[in-house]
Amino acid sequence: MTPPQPLPPPSPPPPPPPTRLLAQLALADLADVSATSRWVRSGATRLHVLDYDSGGDGVPLIVLPGITSPAVTMDFVARELTDLVRPLIVDVRGRGLSDGGGSYGLEEYAEDTEAVVTGLGLDRPILFGHSMGARIAAVTAVRAKVGLRGTVLGDPPMSGPGRGPYPTTLDAFLDQLAQARRGTDADEVARSWPRWPRREQELRARWLASCDTEAVSATHRGFENEDFFDWWPSVPGPTALLYGADSPVVTTEGAAEAARLLPSAVLTKIPAAGHMLFWDNPPTALAALREALRPMLS
């Protein structure tokens, strides 16, 4: 009688899927950007910044992108402003080349922004944020830990407790991240964002996978748990708010509430644009941003 053979050892469980990826093709995009990579620390977190310093004395403009927008995806905005200011686009923690980890609340993001100001020795910069970045800019301004010349907020999420959900679900964001990590291209991105310029569709395809799952998930929770209007009435002037005429994020009612709660703010509606102002209607949105910045440059 043949003795029973021992069972083979169980196969090890598959490794968890990566939470961030950055392909060589994505890194090569930086060669086409006329900016210098700078690095600063916010506590233990290393933050990457694209600095469009041409050696002049331009007023620093810190650019804070949205929830799934690494710094390089806003290059097309920064390059149109270099005659007016010195743009510095931040890879917000958990995106692009910046470290992930830690907390992803508004005050922690504001601490990172303050670290950029102090770490790079910036003299009274202007803050400009889009979407998530607009909320970060508002909180940084209210905290008043660093000197600022002003703030410009682009279509800040106005969802929050008792205000209904953020228009894009977390599952939709996670599906986009999974698609990017699987491997996507500009044609696939174009099916979701057909109005975007081709270069921006390409950058989206190559850089979205650099966004950390927890960073996106925690930020999305913040869109529904942290009320923008807790901060907005205390934002010091000068401040301006740009919003899309077709935006589901800043509705007509939301814009009216913002105007009522902070009468000194300048509100500008961008026609033919949804939430993604600069991608949907680049010339008009850029012209509005330049107009908002001019009074802050003195």
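Which residue forms a salt bridge with Arg-46? The partner is Asp-99, and the closest N and O atoms of the two are 3.0 Å apart. Please keep in mind that this is a predicted model.

**Salt bridges across the chain**

- In total, the structure holds 19 salt bridges.
- Arg-46 belongs to strand 2 (residues 45–51) and Asp-99 to the loop between strand 4 (86–90) and helix 3, so their bridge ties together parts that are 53 residues apart in sequence.
- Another salt bridge brings together the side chains of Asp-83 and Arg-290, with 2.9 Å from N to O. This pair links distant parts of the chain, with Asp-83 in the loop between helix 2 (75–78) and strand 4, and Arg-290 in helix 11 (residues 282–293), 207 residues apart.

**A salt bridge within a helix, and a network**

- Arg-191 and Glu-188 also form a salt bridge, their closest N and O atoms lying 4.0 Å apart.
- Both residues sit in helix 6 (residues 186–192), and because they are three residues apart, about one helical turn separates them.
- In an α-helix there are 3.6 residues a turn, so residues three or four places apart point the same way.
- Arg-191 is exposed, at 64% relative accessible area, but Glu-188 counts as buried at 15%.
- Elsewhere, salt bridges that share partners connect Arg-38, Asp-51, Asp-53 and Arg-86 in one network.

- Helix 4 (residues 132–143) has 12 residues, which at 1.5 Å a residue should span 16 Å; the end C-alpha atoms are 17 Å apart, in agreement with that.
- Of these 12 residues, 11 are buried, so helix 4 is largely enclosed by the rest of the structure.
- The buried set includes Arg-135 and Arg-143, along with residues such as Met-132, Ile-136 and Val-139.
- What do the buried residues of helix 4 pack against? Their neighbours are strand 3 (60–64), helix 3 (106–119), strand 5 (126–130), strand 6 (150–154) and helix 8 (213–225).
- Just beyond helix 4 comes Ala-144, with a positive phi of about 55 degrees.

**Ser-42 and its contacts**

- Ser-42 is part of strand 1 (residues 36–42), and it is buried, with 11% relative accessible area.
- Its side chain makes a polar contact of 2.6 Å with the side chain of Asp-112.
- Leaving aside residues up to four places away in sequence, Ser-42 touches Leu-47, Arg-93, Glu-111, Asp-112 and Ala-115.

**Aromatic pairs**

- Nine aromatic pairs turn up in a search of the whole structure.
- For Tyr-166 and Phe-173, the ring centres are 6.4 Å apart and the planes meet at 20 degrees, so this pair is stacked. Both Tyr-166 and Phe-173 are buried.
- Phe-228 and Trp-232 make a stacked pair too, at 5.6 Å centre to centre with 25 degrees between the planes.
- Phe-228 is buried at 2% relative accessibility, and Trp-232 is buried with a relative accessible area of 0%.
- Ring pairs also join Phe-76, Trp-193, Trp-196 and Trp-279 into a cluster.

Methods:
Residues are numbered from 1 along each chain as its sequence is written. This is a predicted model: local features need pLDDT of at least 70, side-chain atom pairs count only at pLDDT 80 or more; totals for chains, interfaces and linings use all residues. Side-chain values use heavy atoms; hydrogens and water are left out. Helices (H or I, at least four residues) and strands (E, at least two) are DSSP runs, numbered from the N terminus. Buried means under 20% relative accessible area, exposed over 50%, partly exposed in between (1.4 Å probe, protein chains only). A polar contact is a pair of N or O atoms within 3.5 Å; within protein, one must be able to donate a hydrogen and the other to accept it, and residues adjacent in sequence count only if both atoms are side-chain atoms. Contact means heavy atoms within 4.5 Å. The expected span of a helix is 1.5 Å times one less than its number of residues. Rings of Phe, Tyr and Trp (its six-membered ring) pair if their centres lie within 6.5 Å; planes under 30 degrees apart count as stacked, over 60 as edge-to-face and the rest as tilted.
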